[in-house]
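Please open the model in your viewer and keep the selection panel at hand. The stops below go from chain to chain, then to the places where parts meet.

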Amino acid sequence: MFSAVTDFLQNPMARAKWGSYAGRMLVIVLAFGFAYFPLVWIASASLDETGTLNTQKLIPSQLGLENYKALLDSDIHPFATWMWNSIKVASIASILSVMVSAFGAYAFSRFRFTGRRNLMLTVFLVQVFPNSLTIVATYLLVQSIGKHISWMGLNTHGGLILVYLGGALGINTWLMKGFFDSIPRDLDESAKIDGASDWLIFWRIIFPLVRPVLAVVGILTFIGVYGDVIISLTLLKDKDVQTLAIGLRRFISDDFDQEWGVFSAGALIGAIPIVVVILSFQRFLVSGLTEGAVKG
Amino acid sequence: MEAQPTQNNASGLPGGKTLAAIYGSSWFGTAFRLGALALIDAFAIWFVAQLAGEGEWILAGFVAVVTLGINAAYLLNGLYPYRWFSPGLTLLIIMIIYPTVFTVYVAFTNYKTGNNLTVQQAETQLLKQLYLPEDAPTYSWTVFRSSDDPDTYALWLIPTSDLATETLFVPEGAQFSASEVDLGEFELDDDGIPTGIPGYERLGKADIGIIAAVLPEIEFGESDNVIKIKGQRAGIFRQKYTLNDDGSLYDNETGVLYKAIEGTYTPTEGPNMTTDGVVLDADGEPLDVIRPGYYVPIGFDNFQRLIENERIRGPFIRVFLWTVAHAFFSVLLTFSLGLFLSLMLNAGFMPGRAILRTGLLVPYAIPAFISVLVWKGLLNEHLGVVNKAVEYIGLEGPRWTSNQWWVKVGILLIQLWLGFPYMMLITTGALQSLPGDIYEAAKVDGASVWQQFWNLTLPLLLVAVGPLLIASFAFNFNNFTIVELFNEGNPPISPDTAAGHSDILITYTYQLAFGSGRGADYGFASTISLVIFLMVAVITFFNFRFTQSWEEISENV
C-alpha cells in the first residue's frame with residue numbers, strides 16, 4: 001500500500017495516468033450534468049404539487065402525483081387523446097409505409113426490368129428533399145382532396161397519414177433492398193419450381209426472413225412520425241384530432257408558467273416510450289445511422 | 001437474372017390443389033386483379049372529373065397519368081414488375097412529386113388570401129350571390145318549422161308592397177299561394193297567419209332568436225324565384241352578378257362592371273369615376289374589389305419583390321444568413337463536444353465506457369419537440385431555473401426570448417444539448433476504425449498529443465464522417481421543430497414583415513403561408529421554398545461530389 005503511494009508520488013508516468021483519468025472523469029461528470037439536468041428538473045417539477053415555474057424547487061416542497069392526475073383529467077389539454085392520436089397515426093403510417101417499401105424492395109431485388117436503374121436513382125434523389133419544403137403545396141393538396149374525400153382532408157388523420165406515406169418509397173426501400181439481396185435466390189427458385197407465384201414467394205418465404213429489417217424500418221418510421229411537427233401543425237387545427245407534438249405546444253400559449261408541473265408530467269410520459277425503444281434497440285438502430293462513418 | 005412473369009406457371013403442374021395454384025395464376029387471380037383495377041378506374045374517373053370541374057387541372061392531370069400507369073402495369077405483362085411499385089409510386093407521384101411541381105407553379109402566381117380559388121371556383125361562388133332589388137315584391141314573414149325535419153323551415157308571407165299580389169307559403173324549394181294550403185285543424189289568427197299547418201309548427205319569438213343567425217342564409221321558394229329574409233322583410237331575391245363572355249362580372253345591383261385584373265374583380269366604371277381611375281359609388285365612397293378572386297400566373301413578380309423591394313429583401317437576407325449560421329454552428333458545436341467526449345471515453349483504461357456512452361445518448365433519444373419545450377421552460381426569462389441561477393450569482397439574466405442575439409444563443413444551446421450524443425456516436429465509431437500504426441509512427445517521429453490530434457486524428461475523422469456532417473448541416477438548414485417551438489421565430493424584426501430575428505427560411509415560409517394576422521401569401525411562400533430547394537440541391541450536389549458517394553450509390557443499384 002505504502003509502496004503504491006510512493007510509487008505514485010515519484011513516478012511521473014503513473015501520476016500522468018491518474019491525472020488524466022481524474023480529468024476525464026471530471027469531464028464525463030460535467031457532461032452527465034449537462035445531459036441530465038433538464039430531465040431531473042422536469043421529473044422534479046412533475047412531482048411538485050405547487051405546479052408553477054416560479055415555485056418549483058429541485059427538491060419539491062409538496063411531493064405528490066397531483067400533476068399527473070390533473071394531466072389525465074384535463075379537458076383543456078386532452079393529453080390522453082393526443083397521446084392516443086400520436087400512437088395511432090404513427091402505428092398506421094409505419095405499418096403501411098413498411099409494406100409499401102417492402103413491395104418495392106422485393107421488386108428491386110428480384111426482378112430486372114427496363115427503367116430499374118433510373119427508378120432506383122430517382123427514389124434515392126427524391127428523398128434528399130424533405131417534404132417540409134413543399135408544405136404549402138401539400139397543404140393545398142390535402143385541402144383539395146378533402147373537398148371530395150372528406151376523411152382525407154385537412155384536420156383528419158387520414159390526410160396526415162397520406163402525407164407521411166408519400167415518402168414510403170424512399171431511402172428505406174434502399175435499406176431493405178440490401179437486406180433482401182442477402183436472402184439466397186435458391187429459395188425463390190425452388191419455390192417457383194413447386195409452382196409458387198411471386199406473391200406467394202414474397203409473402204411466405206421472403207417476408208418471414210426479412211422481418212428484422214422491416215422491424216428496424218418500422219421503428220425508425222414510427223419515431224419519425226411521432227416527432228413530426230411541421231406537417232401535423234399545418235394540417236391539424238382542432239384540439240381533439242391533434243397529435244402530442246402539437247398538443248403539448250398548446251401549453252406554451254396557455255399560461256405556460258402556471259401549468260409547468262402538468263406540462264412536465266406530460267413531457268415525461270410522452271418521452272419515455274420513445275427513449276425506451278431507442279435505448280433497447282440501440283445497436284440495430286444506430287448501425288443504420290453510423291454506417292457511413294465507418295465505411296468512409 | 002431476367003424478370004419472369006409467372007402468370008402461367010401453375011397451370012401445367014400436377015399438384016394443382018396447392019394454395020399456389022389457386023392464388024398464383026388461376027382465374028381467381030385474374031378476376032381479382034381485373035375487379036380491383038375496375039374499382040380503381042371508376043374511382044379515378046370520378047375524382048378526375050371532380051377536379052377538372054373545379055379547375056384543378058394540374059392535379060387532375062397527375063391523377064389521370066398515375067391511373068393510366070397503374071392500368072398499363074396490370075394489363076401489360078411486359079410491365080409486370082411495376083405492379084409491385086404501384087402503391088409506392090402512386091404515393092410518391094401524388095404526395096411528393098405533384099406538390100413539388102405545384103410549388104414551382106404557385107411561386108409564379110399570386111395565390112394568396114383573396115385570390116385563393118381557381119377561376120371556376122370563384123365564378124361559381126360569386127354567381128350564387130343574391131340581392132334584394134329595390135323594385136322587388138316584399139312581404140312580412142312568419143317562420144314555420146317542419147315537424148319531420150327540425151332543420152327545415154318554411155315562411156308564411158303577407159304582402160307589404162304593391163308589387164306583391166298574394167299571400168304565399170314557401171318551404172325550401174317550393175312555393176304555394178295561401179289558398180293552396182290545406183290548413184286542416186288550424187285556422188288563421190287576427191293577422192291572417194295560420195296558428196299551424198299540418199306537418200309544420202309555427203315558431204315563437206324565442207325560437208326565432210335561436211336560429212336568427214342562420215335564418216337570413218336560408219333560400220326559400222323555387223330556385224329561379226328565391227325568397228330570402230332581410231331584416232323585417234322578406235322578398236324575391238335576384239342573382240347579384242352576371243358573368244360576361246370575356247370573364248368580367250356585371251353587378252346587377254349597382255350597375256358596375258368588374259373586370260378581372262390579375263384575378264381580382266376590379267370596378268371599371270360606376271356612377272362616379274374620378275380622374276385617377278378610382279371608382280366611387282353614389283355616396284362618394286370608393287367601390288371595393290369583389291372577393292373572392294382567383295389566382296393567375298404573374299410571371300416573376302414574386303421573385304422581383306424578393307430582390308427589389310427593400311422591406312422584403314432586408315429581412316430576407318437576415319433570415320438567410322441566420323439559416324446558414326444556425327446550421328453551421330449547430331454542426332460545429334455538436335461535433336466539437338461530441339468528438340471531445342468520445343476522445344475522453346475512448347481511452348482503454350476508462351471503466352464502464354459502454355454504459356457511460358449509452359447514458360449520454362439519452363438526450364438524443366428524447367423526441368426533439370419535447371426537449372425544446374422543456375428548454376423553453378428552463379430558459380424562461382423571468383421564472384426559468386437558468387435565469388434564476390444566473391441572477392442568484394448576481395448577474396443579469398439573458399433575455400432568451402426577447403433579445404435578438406440571446407434568442408440565437410438559446411437555440412444553439414438547445415441544438416448542442418440535442419445533437420452532441422449523435423456526434424459522439426458517429427465519432428466513436430470512426431475513431432475505433434482509425435489505423436493504430438500511424439500513431440506509432442507519429443510517436444517515433446516525436447509528435448506531441450496535440451500534433452497527433454490536429455494532423456492525424458482530425459483529418460482522418462473528417463474524411464470518415466464528412467458526409468454525415470454535411471447531411472446534418474442540410475437537416476439543420478430546415479430544422480423547423482427547434483426554431484418554431486422555441487420562439488416561433490420571434491422577436492419580430494419590424495411590423496412590416498412576417499420574418500422574426502430567430503426565423504430560418506423554413507419557418508419564414510410557414511409564417512408567410514400560415515402565420516396568423518397577415519393573411520396567407522402562398523405564392524410568395526412558395527418562392528421562398530424554391531430558394532430552400534436550390535440550397536438543399538447545392539448542398540447535396542456538394543456532398544455527392546465531395547464524398548464520391550454518388551458513384552458508390554450508382555454501383556450498388
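Select chain B and consider its contacts with a sequence separation of 6 or more: 57% of them are accounted for by residues 24 or more positions apart. This is a predicted model, and its confidence in chain B averages a pLDDT of 87, with 91% of the residues scoring at least 70. The secondary structure of chain B comprises 19 helices and 16 strands. With a radius of gyration of 35 Å, well over the 24 Å that the globule rule gives for 557 residues, chain B is more spread out than a compact globule.

Colour chain B by confidence next. The lowest mean, 48, belongs to helix α1 (residues 19-24) of chain B, whereas the highest, 97, belongs to helix α3 (residues 57-75) of chain B. Over residues 1-24 of chain B the pLDDT stays under 50, although the model has 49 contacts beyond four places in sequence for this stretch.

Now colour chain B by domain: the assignment gives domain 1 (10-107), domain 2 (113-129 + 242-299), domain 3 (130-239) and domain 4 (310-556). Taken over C-alpha atoms, the centres of domain 1 of chain B and domain 4 of chain B are separated by 42 Å, yet 4 residues of domain 1 of chain B are in contact with 6 residues of domain 4 of chain B. On the domain 1 side of this contact, the residues divide into 3 nonpolar, 1 polar and no charged.

Within chain B, select helix α11 (residues 368-378), where 11 of the 11 residues are buried. The buried residues of α11(B) include B:Phe369 and B:Val372, and also B:Ser371 and B:Lys376.

Turn to chain A, which has 16 helices and 0 strands. Of its 296 residues, 40% count as buried, and among contacts in chain A between residues at least 6 apart in sequence, 70% join residues at least 24 apart. The domain assignment for chain A gives domain 1 (2-70) and domain 2 (78-253), and the C-alpha centres of these two domains of chain A lie 41 Å apart.

Show both chains together and select the residues that meet: 83 residues of chain A are in contact with 93 residues of chain B. Helix α2 (residues 12-47) of chain A gives the most to the chain A side, with 11 residues. By class, that side of chain A has 55 nonpolar, 20 polar and 8 charged residues. For the model, the scores are ipTM 0.91 and pTM 0.88.

Which residues touch the most other members of the largest nonpolar core? In this core of 164 residues they are A:Tyr106, A:Val136, A:Leu165, A:Ala267, B:Phe369 and B:Val372. Centre the view on A:Leu165: leaving aside neighbours within four places in sequence, A:Leu165 is in contact with A:Ala93, A:Leu96, A:Ser97 and A:Val100, as well as with B:Leu91 and B:Met95 of chain B. For the last stop, select B:Ala154, B:Leu157, B:Leu168 and B:Ala234, which are among the 21 residues of another core, lying apart from the largest one.

How values were computed
Residues are numbered from 1 along each chain as its sequence is written. Chains are lettered from A and ligands numbered from 1 in the order in which they are written. This is a predicted model: local features need pLDDT of at least 70, side-chain atom pairs count only at pLDDT 80 or more; totals for chains, interfaces and linings use all residues. Two residues are in contact if their C-beta atoms, placed from the backbone, lie within 7 Å. Helices (H or I, at least four residues) and strands (E, at least two) are DSSP runs, numbered from the N terminus. Ala, Val, Leu, Ile, Met, Phe, Trp, Tyr, Cys and Pro count as nonpolar, Asp, Glu, Lys and Arg as charged, and the others, Gly among them, as polar. A residue is buried if 20 or more other C-beta atoms lie within 10 Å of its own, exposed if 12 or fewer, and partly exposed in between; C-beta atoms are placed from the backbone. The radius of gyration is taken over C-alpha atoms; the globule rule is 2.2 Å times the number of residues to the power 0.38. A nonpolar core is a set of buried Ala, Val, Leu, Ile, Met, Phe, Trp, Tyr and Cys residues joined through C-beta atoms within 7 Å. Domain bounds come from an automatic or database domain assignment. pLDDT is the predictor's confidence in each residue, from 0 to 100.
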